[in-house]
Amino acid sequence: MSVDNSLSPHGGALVEQVQPLSYAGAIAGLPAIAVREQIAHECVNIAYGFFSPLTGFMGSADVASVAATMRLTSGYIWPIPIVLDVAEAELRRQGVGVGDTVLLTYLGSPLATLDVAEIFTADLTRLAQQVYTTADAAHPGVQRTLAYADRFVAGDITLLGEPVINPPFDRFWRTPRQLRDELAGMGWQRVVAHQTRNVPHSGHEYLMKGAFMEAQADGVLVSAVIGEKKEGDYIDEAIVLAHEHLRARGFFRADIHRTTALLWDMRYAGPREAVFHALVRKNLGCTHHMFGRDHAGVGDYYGRYAAHEIFDTLPDLGIRSVLTLEWWYCPTCGGVAYEGICGHPDTKQDLAGRLIRSIISGGTEPAPQTLRAETLAVVRQCAEEYGFGSPFVTERYLRERTPALTVAPGWFSGAGGQSSYDASGA
Ligand SMILES: [Zn+2]
């Protein structure tokens with residue numbers, strides 16, 4: 001298959017399964033299941049087509065096929081199982097069976113309906129081994145898999161009304177349809193995606209600039225992953241606002257750079273997650289995706305450039321990868337230098353990790369070759385405004401921050417996932 005279809009969504013058509021709030025009358029009397037943040041994110045992603053061609057949570061045949069072959073039973077590439085886990089006891093309590101329509105609630109309000117096509121179990125250790133190439137419980141993706149409840153519920157999802165995206169993420173939130181329209185409006189035909197969970201230091205900035213030139217792109221789309229956090233991560237607000245400021249301050253021309261938000265709880269599946277990132281950005285309208293060192297990896301489970309190698313095996317992905325080596329600061333070259341060019345690897349100063357964190361934590365002011373002073377100012381402002389004084393996730397941030405995604409309340413009087421509610425207020 002050629003890559004000429006790279007502007008088409010994965011599978012050919014953008015999935016859109018969102019009903020207006022007036023649909024509420026139709027949910028009266030449905031059994032209700034309360035879902036956690038990860039599942040709420042995935043419902044939104046399915047319903048707006050971020051996960052095209054998925055129309056719902058996967059059944060056993062797709063899960064087995066994806067785990068074993070990285071393809072759906074339809075033949076389309078898909079690397080990571082997207083599943084809804086529910087305890088059997090909960091299904092029994094709610095009287096849920098195959099053929100039923102179930103109401104999924106989030107934070108006490110209706111989020112989506114699910115048409116139950118199958119209820120099944122899976123060998124979680126085997127599933128983890130297949131997807132992550134390890135069953136080591138220290139791997140966060142394996143941990144997530146092993147923690148699944150004892151049943152998977154498969155079926156199509158319909159979102160009930162538009163979700164609420166809270167500030168400052170609302171400025172960056174675009175559905176695939178909206179983003180595709182916006183990119184087309186700007187005349188972007190070649191769009192290179194940058195996946196991030198980081199405040200951009202000089203290495204990231206040059207990674208984007210290098211990929212922009214290599215792809216001969218019309219623009220760079222920064223796609224910031226907003227999702228589950230652990231202590232010590234950058235707070236989400238600092239990530240999106242620091243990237244946006246690179247454009248606002250002209251380090252990228254205003255017409256070649258956009259920042260957007262993706263609700264996704266990282267699996268750290270290394271090369272498989274790289275493929276997943278590529279597919280989601282293809283659905284956003286990107287033609288290219290940049291991949292640097294150790295993309296979406298964790299620990300040393302995957303090779304340094306495993307994410308580069310996997311694309312050789314997937315000619316029908318429909319989005320091109322831009323594979324880049326590392327950018328570092330080289331005192332001999334006198335600036336930010338590229339691994340593939342600079343001949344002084346012995347004296348390089350790694351831009352990643354500890355150095356940047358120590359700068360942000362407040363000791364030294366940054367040299368412009370490491371972290372821009374303007375970026376540092378944005379990060380410090382975000383710490384005050386959103387991080388309870390810290391640019392890094394703290395226990396308090398996890399407890400008290402406003403989630404990026406909530407659901408419009410007011411027309412639903414049910415509480416705590418109970419199935420008694422009054423839909424008449426819609
Ligand atoms: Zn050098």
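Me: Which strand is the place of Val192 in?
Reply: Val192 is in strand S9, residues 191-196, where strands are DSSP runs of E with at least two residues and helices are runs of H or I with at least four, numbered from the N terminus. Residues are numbered from 1 along each chain as its sequence is written. Please keep in mind that this is a predicted model, in which local features need pLDDT of at least 70 and side-chain atom pairs count only at pLDDT 80 or more, while totals for chains, interfaces and linings use all residues.

Me: Is Val192 buried or exposed?
Reply: Val192 is buried, because 27 other C-beta atoms lie within 10 Å; a residue is called buried at 20 or more such atoms, exposed at 12 or fewer, and partly exposed in between, with C-beta atoms placed from the backbone.

Me: And what is Val192 in contact with, beyond its neighbours within four places in sequence?
Reply: Its contacts include Ala211, Phe212, Cys286, Met290 and Val322, where contact means that the C-beta atoms, placed from the backbone, lie within 7 Å. Val322 is 130 residues away from Val192 in sequence, yet the two C-alpha atoms are 8.2 Å apart in space.

Me: Which residues have the most contacts inside the largest nonpolar core?
Reply: They are Cys43, Leu104, Val192 and Ala261, in a core of 122 residues; such a core is a set of buried Ala, Val, Leu, Ile, Met, Phe, Trp, Tyr and Cys residues joined through C-beta atoms within 7 Å. Helix H1 gives the most to this core, with seven residues. The core lies between domain 1 (18-163) and domain 2 (169-400), because both give residues to it; the domain bounds come from an automatic or database domain assignment.

Me: How many residues does each domain bring to the contact between them?
Reply: The centres of domain 1 and domain 2, taken over C-alpha atoms, are 28 Å apart, and the contact takes 21 residues from domain 1 and 23 residues from domain 2. On the side of domain 1 that touches domain 2, helix H1 (37-48), helix H4 (124-132) and helix H5 (140-146) are the elements that give two or more residues, and H1 gives the most, with six.

Me: Changing topic, which residues of H8 meet H12?
Reply: Glu237, Ala238, Leu241, Ala242 and His245 do, and among their partners in H12 are Glu374, Val378 and Tyr386.

Conventions. Contact = placed C-beta atoms within 7 Å.
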